[in-house]
Amino acid sequence: HFFGLSFSPLDLPFTVSQVGFPRLGLLPSCFMECEVAVVADEVLLTPVVWSDAYRIGVPLIDHQHLRLFELVERLRVALSSQRATAVALKTLRSLVSYCAEHFESEELLMQVVRHPGYARHAELHRGFTAVVLDYLARFEAGTLDPAHLLRTVVEWLMHHVMTVDVGIAESCRHARVDVFSVTRVSELASVLEADAAH
């Protein structure tokens with residue numbers, strides 16, 4: 001069970017290398033324990049709700065993650081309404097745009113704190129971006145099932161925040177610079193420049 005959903009590995013709409021599951025191709029145990037594939041209506045009816053359990057402890061990133069959750073919930077609401085295709089498309093475009101902004105922020109933060117997993121993490125961002133851009137094109141063409149789209153986004157976001165992004169917080173705690181008081185991306189750029197000058 002993952003985020004209240006049950007699904008089978010066969011239902012995953014992407015390859016393990018695209019979204020950053022372990023390179024061995026093994027899915028996390030939460031995926032393997034599932035017995036029943038998620039019903040399309042279930043994913044559309046299950047609210048995407050932010051909670052403190054998803055905080056990684058870095059205010060700038062937590063704020064951006066909260067915004068991502070809000071956008072995904074707006075997408076879910078639009079997709080669950082058969083008459084809101086235009087709204088869903090606009091929301092999906094906003095989500096794609098905000099993901100790019102968020103990924104850029106995270107990657108800059110990882111550079112500032114010299115996160116050892118930076119290269120792999122950035123690769124995961126590129127993989128997800130490619131999948132979502134493909135889904136956007138297919139959704140625009142009317143060839144992608146809304147539940148399939150939403151399930152992909154929710155599963156990747158939850159897995160990534162809870163198992164990958166948490167590593168950034170550890171690097172932040174051991175960094176030479178204080179990034180916990182940073183509230184804007186522009187501040188990160190200044191910190192990186194100042195650090196490079198030393």
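1. Ground rules first. Residues are numbered from 1 along each chain as its sequence is written, and side-chain values use heavy atoms, with hydrogens and water left out. Because the model is predicted, local features need pLDDT of at least 70 and side-chain atom pairs count only at pLDDT 80 or more, while totals for chains, interfaces and linings use all residues.

2. Start with helix 6 (residues 118-140) and helix 7 (residues 146-173): their axes come within 12 Å and cross at roughly 170 degrees. That makes helix 6 roughly antiparallel to helix 7. Helices here are DSSP runs of H or I, at least four residues, numbered from the N terminus. Axes are lines fitted to C-alpha atoms over the stretch in contact, with angles from 0 to 180 degrees between N-to-C directions; over 145 degrees counts as roughly antiparallel and under 35 as roughly parallel.

3. The contact between helix 6 and helix 7 (heavy atoms within 4.5 Å) includes His 121, Phe 128 and Tyr 135 of helix 6 and Leu 149, Trp 156 and His 160 of helix 7. By class, this contact has 11 nonpolar, 5 polar and 1 charged residues. Ala, Val, Leu, Ile, Met, Phe, Trp, Tyr, Cys and Pro count as nonpolar, Asp, Glu, Lys and Arg as charged, and the others, Gly among them, as polar.

4. Now bring in helix 5 (85-112). Helix 5 and helix 7 have axes 12 Å apart and pack at an angle of about 15 degrees, which makes helix 5 roughly parallel to helix 7. Among the residues that meet are Leu 95, Phe 103 and Glu 106 in helix 5 and Val 153, Trp 156 and Asp 165 in helix 7. The contact of helix 5 with helix 7 divides into 10 nonpolar, 1 polar and 2 charged residues.

5. Helix 5 also packs against helix 6, with axes that come within 11 Å and cross at roughly 170 degrees. Helix 5 and helix 6 are therefore roughly antiparallel to each other. Their contact includes Val 96, Cys 99 and Phe 103 of helix 5 and Phe 128, Thr 129 and Val 132 of helix 6. By class it has 14 nonpolar, 5 polar and 4 charged residues.

6. How many cavities of 30 Å³ or more are there in the whole structure? The search finds 2. A cavity is a set of points, on a 1 Å grid over the protein atoms alone, where a 1.4 Å probe fits but cannot get out; lining residues have an atom within 4 Å of a point. A volume is the space filled by probe spheres set on the points.

7. The largest cavity has a volume of about 50 Å³. Its lining includes Leu 68, Cys 99, Phe 103, Phe 128 and Trp 156, and helix 4 (59-80), helix 5 and helix 7 each supply at least two of the lining residues. The lining has 9 nonpolar, no polar and no charged residues.

8. The second largest cavity holds about 50 Å³. Cys 99, Phe 103, Phe 128 and Thr 129 are among its lining residues, with helix 5 and helix 6 each supplying at least two. This lining divides into 7 nonpolar, 1 polar and no charged residues.

Conventions. Parallel < 35°, antiparallel > 145°, perpendicular 65-115°, else oblique. 1 Å grid on protein atoms, 1.4 Å probe; cavity = no way out; pocket = protein on both sides within 12 Å on 5 of 7 lines; lining within 4 Å.
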